[in-house]
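Here is a short tour of one protein model, written to be read with the structure open beside it.

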Amino acid sequence: MQTIDLLIEARWIIPVEPAHTLWENHAIAVNQGRILDILPIDQARALYFPREIKVLPGHLLIPGLVNLHTHAAMSLLRGLADDLPLMEWLQNHIWPAEGRHVSKNFVHDGTLLAAAEMLRGGITCFNDMYFFPEAAAEAAETLGIRAALGLTVLEAPTSYASDAEDCLNKGLEARDRLKAHPLLSFCLAPHAPYTVSNKTFERVLTLSEQLDLPIHVHLHETQGEIDGSLKQYGLRPLQRLQELGLLSPNLIAVHGVHFNAGEIALLAQQGCSIAHCPSSNLKLASGIPPLQAWLDAGINVGLGSDGSASNNRLDLLTEMRLASLLAKGVTQNAEAAPAHQMLRMATLNGAQALGLQDKIGSLEKGKEADICALAITAPETQPCYSPQSHLVYVLDRSAVTHVWTHGQLRLNNGELQEIGKNDLINLARLWQNKIRD
């Protein structure tokens, strides 16, 4: 028998790849942080001697979820200015609050709170766009969550940087110091076409090509953004980025609510990805994008939560269900955006957008052991004819019981392993008092 670190036995496993696969009464063998084997439980017990075994007879195992768009530190602004349009929300409430409070401590503590919420909901990787990336990295490392840290770029001065060039210099310095960390990766994150100049976009493109980094940018979120671009540049934002050369498989377009048919075809042709954030789009009244049209065109679509200030939950199980139901309602087609497509969007598609598809996003031999276990045991989850359907249409994040990243247990029976619940609550209350005052 071969000695291994961990054997996880479960009632069901959905690996995402191969597609449409469901294994029953199988086990995942993990060694040195990677998936060594997936096989029937009786065979696993005969072949492997695990140092640790986790028996989950009423559970479903899936890959750890990949949150393709977050502003993690903004968890400290959750509910601060609700029920307002995007630009009023940003300009009159969120940006002033950030101007007063954003610091290394704010980013560390807000990211810690967000990472805890995400792990408790089965998210093992998040793609972030915010300031002070080293503070975010420290918080992510504390909880053992995987992070794709955005090197955020804005022209306007902030508490983080004086201008766009300063943003890039500080971001690149942080990347150089952190790039050896096994749970960290990086993106260039120009905020949006309405906050970033052509010159800066050209610099971002050069860096993306030199360093092979994704470009993570808000794009076509509102009709007002498009109208402003037409007035200032005579071009729709996507057309402007196309002329600047930014459309490629490295581009992650966030929101994309108002892409027209020609733009959808162009994104597909250039191999771009879209981060779909249905809850945020609805809450800020940005609109309902044509998800099924994106999928029909062959665009790689992942799911994002956006920040807690505009969602107000970092919950991809909710986003999967909402995205599917909206697509069915908009198209009047019950077969639109089926459950298996939603799981792929929340896992492997997000990993692909980040260039991490060879490491995470599916349960396959040789990949990192980023795994989420969900209980299908409560009365309200019975009967279960299809675990995949249940995952999208029945379960919520309260069903998440165990989470592993790189083979390390991060959530055990719903309890975080690295920090106490009361510590997080106290931290949030301290910041609430500061911000409210």
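Predicted model: local features only at pLDDT ≥ 70, side-chain atom pairs only at ≥ 80, totals over all residues.

Let us begin with strand β5 (residues 65–70). Here 6 of the 6 residues are buried, so β5 is largely enclosed by the rest of the structure. Its pairing with strand β6 (residues 123–128) runs in the parallel sense and counts 4 bridges. Within that pairing, Val 66 has Cys 125 of β6 as its bridge partner.

Next come two helices, α4 and α5. Their axes cross at roughly 35 degrees and come within 9 Å of each other. The table sets out the residues that meet.

| Helix | Residues | Residues in the contact |
|---|---|---|
| α4 | 133–143 | Pro 133, Glu 134, Ala 137 |
| α5 | 164–178 | Ala 174, Arg 177, Leu 178 |

By class, this contact of α4 with α5 holds 4 nonpolar, no polar and 2 charged residues.

Now have a look at helix α2 (residues 86–101), which bends by about 35 degrees at Ile 94, with Pro 96 following within four residues. Ile 94 is one of the buried residues of α2, and Trp 89, Glu 98 and His 101 are also among them. The buried residues of this helix pack against α3 (104–120) and α16 (421–436).

Finally, where does Leu 184 sit? Leu 184 belongs to strand β8 (residues 184–190), and Leu 184 is buried, at a relative accessible area of 11%. Beyond its neighbours within four places in sequence, Leu 184 contacts Ala 137, Ala 147, Leu 149 and Leu 178. Ala 147 lies 37 residues away in sequence, yet its C-alpha is 5.1 Å from that of Leu 184.

Conventions:
Residues numbered from 1 in each chain as written. Heavy atoms only, no water. Buried < 20%, exposed > 50% of the residue type's maximum accessible area, 1.4 Å probe, protein only. Pairing = 2+ DSSP bridges. Axes fitted to C-alpha atoms, helices over the stretch in contact; angles between N-to-C directions. Contact = heavy atoms within 4.5 Å. Nonpolar A, V, L, I, M, F, W, Y, C, P; charged D, E, K, R; others polar. Bend = angle between axes of the 7 residues up to and from the residue.
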